Structure formats: C-alpha cells, structure tokens
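Subject: Structure handover

Hello,

Here is the structure to look through. Please open it first, then read my notes below.

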Amino acid sequence: MSPSSPRRPALFARLLRALVAPVLAGLVLLTLAQRLSPVSPWWLELTRYLPYPLWLVIGGAALLLSLPLGRRWIVASLAVLALVATLMLGWVWNAAPPPAAPGVKTLRVMTYNVKAYRAGLVADGFARLAAEIARHDPDIVLAQDVHGLSTAAPAVDAVLFGARERHRAGQYLIASRLPLRDCRTGRLEGRGDEVGTLRCTVRVGDVDVELVTVHFDSPRTGLNAARREGLEGADEWRRNHEDRLDQARQLARQLGPATRPRIVAGDLNAPEASPVVQTLLATGLRDAHAAAGRGYGFTYGHALRVGRSFLRIDHMLVSAGIEVAACTVGGGEASEHRPVIADLRLPPR
C-alpha cells in the first residue's frame with residue numbers, strides 16, 4: 001500500500017464538504033432572502049419564478065453528497081431540504097376552523113383567470129370552464145381574461161355563470177348570486193388597456209362588501225428575455241418587474257383604507273413573498289391561502305413544459321372583518337391558471 005493511500009478518504013471527505021457546505025449555505029440564504037428581505041433586487045425576484053423541482057434537485061444532490069460525511073452532515077442536509085420544501089416554496093398547513101358563530105353569513109368566492117380566448121380555440125373549451133366553475137359552485141366569480149366570451153355565442157355566459165348576475169368591463173367579469181351595485185372601472189397606468197380594475201359592491205346580510213378584480217402584467221416577456229439572453233436580458237426583466245410593482249402601488253393608492261369588508265382577487269402574476277403582493281398586503285389585506293389554505297396552493301405552470309403547477313400567482317386577498325374558513329385551488333384542465341376558491345365568513349354588524 002502506498003503511503004498516500006490513507007490520505008485519500010480524508011481528501012475525498014474534504015472535497016465533499018467543500019461542495020456541500022456552500023450549497024447548503026446558499027439555499028438557506030436564498031430562502032431567507034426570498035421570504036424576509038425588505039427589498040427585492042431583480043435577481044432575487046427572478047429566483048421566485050424558477051420551477052420548484054430545480055431547488056429540490058439541488059437540495060437532494062447536496063443530501064446525496066453528504067451521505068459519506070456522517071450523521072451531522074446528513075441531518076444538516078435534511079434540514080435544509082425541508083426548509084426549501086416548506087418555507088421557500090410557500091407551504092402552509094392551517095388547522096380546520098371552528099364552526100361559524102350564529103348570525104355569521106358565509107360566502108364562497110372564486111377568482112379565475114379563464115383565458116377565454118384560448119378556450120374558444122378548443123371544441124370543449126367553454127364546457128371545461130363551465131364544469132370547473134360548477135364543481136365549486138361559488139356565490140361570486142371574479143374572472144379575468146374573458147375577452148373570448150365577447151365573440152362566443154351569447155348563451156356561453158349563461159352556461160359558465162348560470163343565473164348569476166353579471167357585470168363585464170374590458171377583460172374582467174364579476175358574476176354574483178347577490179345583486180351587484182356601484183360597479184365601476186379603474187385604470188392602472190402602464191397596464192396597456194383602458195380597464196385596469198373592476199370594482200362592485202354586494203350586500204351580504206346587513207354588510208356591504210367591496211369586490212375588486214385585477215390582473216397585473218405578465219412576467220412572460222421578462223422571463224423569456226432572461227432565459228434566452230442571460231445577463232443581457234436582465235434589463236428587460238427589471239423593467240417587467242418594476243411595471244408590475246408600480247401597478248400594485250397604484251392599486252394600493254386607489255383602494256385606500258378599507259372602510260368596509262373588501263375582497264381583492266385576481267391574477268397578480270407574482271408569488272405572495274414578492275413585493276408586488278406585499279404592497280397590497282401592507283394596506284391591511286390578508287392572503288386567503290396563507291390564512292386558511294393547506295399545502296402549496298400552486299396555480300400556474302401545469303400548461304408549460306414542466307407539466308406541473310409550481311407558482312402561486314393567483315390570489316384572493318381579504319380585509320379585516322372577513323374570516324377565511326377555507327381556501328383551495330381548483331383543477332388545471334380548463335385554463336392555464338387554476339382557480340382559487342375561498343369560503344369566507346362575515347359576522348353581522
């Protein structure tokens with residue numbers, strides 16, 4: 001045996017530690033930055049949109065490399081992998097709510113980017129949308145991207161939304177079993193269309209509830225630029241993110257303090273930890289999934305090459321005075337976006 005042979009295991013272990021340690025540290029720092037950073041530079045915001053299997057593969061590879069290093073390294077790798085699978089990816093698990101108190105009104109609300117123009121290109125596209133809405137049977141539907149409905153047969157609206165009263169403006173439609181009133185539109189500079197938001201009021205028992213549906217700019221252009229051009233596409237991604245953040249700030253200013261229960265829902269095209277959503281939460285709103293959901297609540301990605309939802313970019317936000325009893329996501333067969341469905345409780349005044 002050569003004199004150098006006993007040194008080989010020690011050199012191999014040092015090499016493994018040199019590989020595993022920075023990976024584990026990087027995943028911890030990235031997770032904490034994504035969840036806790038008060039600012040979000042472009043590169044950090046970009047990491048929020050990467051498919052979650054990437055982070056799990058990196059964490060899993062670190063775990064495999066740590067196996068020859070002993071128990072402490074294995075435990076550390078498992079802990080980091082669990083951190084990624086929960087905190088980074090937005091996993092929550094809320095307890096079942098207590099029974100509703102006497103006099104409390106319940107309301108099931110759905111927000112759904114229906115991508116109606118795509119549904120119109122498929123023979124059973126509208127039937128799939130109708131089946132998805134009927135399966136959850138919401139009292140109120142806040143829909144985005146309804147453009148294709150304007151060119152469909154008039155009966156399609158009734159098939160999708162049944163006997164619910166409907167108010168449409170631009171790409172938005174609010175359908176409700178409760179009478180709608182005071183419906184009005186708002187503008188978001190830079191959104192590219194005349195109708196930036198649609199707002200209506202419904203009365204639930206003796207309480208007026210404000211409904212707001214919105215759709216922020218898609219990150220698709222910026223993501224494609226970053227993917228295809230690398231650092232050269234960073235400027236496009238930065239502008240894309242800043243436009244979305246500016247729309248959130250405009251909406252927050254337009255909404256102002258909530259003087260009555262308020263529901264803000266739609267395709268915000270940003271995860272909850274993003275400053276885009278945090279800007280709205282800072283007005284006193286709460287995310288329904290974070291308050292009462294279980295699991296990841298991913299709503300987007302199943303129609304992409306990865307074939308699985310990996311982003312939660314469709315949100316329902318509620319103000320004080322509204323209790324979230326449950327929040328779930330629907331199926332992905334009818335649209336590129338899964339709907340978000342929340343069971344809400346409103347105590348009497």
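Start with helix 6. Its buried residues pack against strand 2 (105-113), helix 5 (116-119), strand 3 (140-144), helix 7 (155-161) and strand 14 (340-346). Contact here means heavy atoms within 4.5 Å. Helices (H or I, at least four residues) and strands (E, at least two) are DSSP runs, numbered from the N terminus.

A note on the source: this is a predicted model, where local features need pLDDT of at least 70, side-chain atom pairs count only at pLDDT 80 or more, and totals for chains, interfaces and linings use all residues. Residues are numbered from 1 along each chain as its sequence is written, and side-chain values use heavy atoms, without hydrogens and water.

Which residues of helix 6 are buried? They are G125, F126, L129, A130, E132, I133 and H136. Buried means under 20% relative accessible area, exposed over 50%, and partly exposed in between (1.4 Å probe, protein chains only). After helix 6 comes D137, with a positive phi near 50°.

Now the salt bridges (a side-chain nitrogen of Lys or Arg within 4 Å of a carboxyl oxygen of Asp or Glu). The structure holds 22. One joins K115 and D145, with the closest N and O atoms 3.0 Å apart. Both residues are buried. Another joins D157 and R168, at 2.5 Å between the closest N and O atoms. D157 counts as buried because its relative accessibility is 12%.

Best wishes
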